[in-house]
Amino acid sequence: MLAAIITCEESGMDELREKVAIITGAASGIGRAGALRFAEEGARLVLADLDAEAGEALAAGLRAAGRAAIFQRTDVAQAAQCEALVAAAVAHYGRLDCAFNNAGISDGPVPPGTADYPLELWDRMIAVNLSGVFYCLRYQLRAMLKTGGGSIVNTASIAGQVGLAGIPGYVAAKHGVVGLTRTVAVEYGARNIRCNAVAPGFIETPMTKSVFELQQFREMAAVTVPAARIGRAAEIADVAVWACSDRASYVNGAVLAADGGYLAR
Ligand SMILES: NC(=O)c1ccc[n+]([C@@H]2O[C@H](COP(=O)([O-])OP(=O)(O)OC[C@H]3O[C@@H](n4cnc5c(N)ncnc54)[C@H](O)[C@@H]3O)[C@@H](O)[C@H]2O)c1
């Protein structure tokens, strides 16, 4: 009996039981891994992404496995679409408890430096990686305030805490995500809303695959990452699940590094 209880509790399959969660960037990489982990923990999901084909397929797969999941095509860089996303969650499930604001883009081939960083790339980077998080927060907070609270995790990056050469737009946007996260934590903590960030290091996903496949990059990671390896999307999803769950009930405004120790050097 005791063994059964311990096994059940330790397996942690119910950390988000019945909680209604929005996950953005859910069609790929870290967001997709998040969708699988949130579903495994019993959450009812609203998946959002620009990629409707992959997003719809993921939601259908989860429903076929007996989980509650819908997909809503969303461009997080459009405030009205973020508002509609939250409205869809409330219309479908009646409430919103959790959000994993994870959608993001990378700079692609790295331009030489800030002096030559293309203006359009800067605007796009801020629109998706920073304004996209702000728009989601704006409407998620309104919904959560109506039902007495909630828990939010934003995907930042190691680039949200240190400067990295050649990617000023990405670095500035991710620093902004960290600032927004802390601000929301301070503003809404007393109203039972927690807001944290996860800061991934080098994680193998479709976004990074081409770079991380280079032997030269793997060798660099083996030297600069204390864990001596690149991370997996599921290792970030696990942090997001935990931070959203009641187990993290006193964790608010934290930037949770999941970088194999990169920033600890
Ligand atoms: N992979 C890494 O090493 C790493 C490291 C640090 C932070 N991150 C962050 O993690 C998050 C997820 O990245 P990933 O590596 O899983 O990348 P990914 O490219 O595999 O997934 C990103 C997803 O976001 C979606 N997306 C892009 N723009 C969007 C928009 N405007 N609206 C809605 N959805 C949009 C894409 O369609 C895609 O499905 C990003 O915020 C990224 O900056 C990644």
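## Overall fold

The chain holds 9 helices and 9 strands. Helices (H or I, at least four residues) and strands (E, at least two) are DSSP runs, numbered from the N terminus. The radius of gyration is 18 Å, close to the 18 Å that the globule rule gives for 265 residues, so the chain is as compact as a globular protein of that length. That radius is taken over C-alpha atoms, and the globule rule is 2.2 Å times the number of residues to the power 0.38. The C-alpha trace spans about 55 × 45 × 40 Å along its principal axes.

This is a predicted model: local features need pLDDT of at least 70, side-chain atom pairs count only at pLDDT 80 or more, and totals for chains, interfaces and linings use all residues. Residues are numbered from 1 along each chain as its sequence is written, and side-chain values use heavy atoms, with hydrogens and water left out.

## Burial, surface and charge

Of the 265 residues, 52% count as buried. Buried means under 20% relative accessible area, exposed over 50%, and partly exposed in between (1.4 Å probe, protein chains only). The accessible surface of the chain comes to about 12,300 Å². Carbon and sulfur atoms account for 56% of that surface. Accessible areas come from the Shrake-Rupley method with a 1.4 Å probe; for residues, only the protein chains shown count as cover.

Contact means heavy atoms within 4.5 Å. Among contacts between residues at least 6 apart in sequence, 71% join residues at least 24 apart. The chain carries 23 positive and 26 negative charges, and their mean positions are 5 Å apart. Lys and Arg count as positive and Asp and Glu as negative; His and the chain ends are not counted. Each charge is placed at NZ of Lys, CZ of Arg, CG of Asp or CD of Glu.

In soluble globular proteins, nonpolar side chains tend to be buried together. A nonpolar core here is a set of buried Ala, Val, Leu, Ile, Met, Phe, Trp, Tyr and Cys residues joined through side-chain atoms within 4.5 Å. The largest such core has 35 residues. Ile22, Val46, Leu96, Leu137, Leu141 and Ile152 touch the most other members. At least two residues of this core come from each of β1 (20-24), β2 (44-49), α4 (79-93), α5 (119-146), α6 (168-188) and β6 (193-200). Helix α5 gives the most, with 8 residues. Apart from this core lies another, of 32 residues, among them Leu16, Ala237, Ala240 and Ala243.

Leu137 is one of the core residues that touch the most other members. Beyond its neighbours within four places in sequence, Leu137 is in contact with Asn101, Ile152, Asn154, Leu180, Val184 and Cys195.

## Buried helix positions

Leu85 lies in helix α4. At 0% relative accessibility, Leu85 counts as buried. Leaving aside neighbours within four places in sequence, Leu85 is in contact with Ile22, Thr24, Val46, Ala48, Gln72 and Thr74. Leu85 and Ile152 are 67 residues apart in sequence and 15 Å apart in space, C-alpha to C-alpha.

Val178 belongs to helix α6. Val178 is also buried, at 3% relative accessibility. With neighbours within four places set aside, Val178 is in contact with Ala156, Gly160 and Val255. The C-alpha atoms of Val178 and Ala197 are separated by 6.7 Å, at 19 residues apart along the chain.

## Loop positions

Lys19 sits in the loop between α1 (2-11) and β1. Lys19 counts as partly exposed, at 22% relative accessibility. Leaving aside neighbours within four places, Lys19 is in contact with Gly42, Ala43, Arg44, Asp97, Cys98 and Asp246. Lys19 and Leu263 are 244 residues apart in sequence and 32 Å apart in space, C-alpha to C-alpha. Pro118 is in the loop between β4 (98-101) and α5. Pro118 is partly exposed, with a relative accessible area of 27%. The C-alpha atoms of Pro118 and Gly169, 51 residues apart along the chain, are 9.5 Å apart.

## Positive phi

Most residues other than glycine have a negative phi. Asn192 has a positive phi, near 65°. Asn192 is in the loop between α6 and β6 and is exposed, with a relative accessible area of 52%. Ala228 also has a positive phi, of about 60°, although it is not a glycine. Its place is the loop between α8 (215-224) and β8 (231-232). Ala228 is partly exposed, at 45% relative accessible area.
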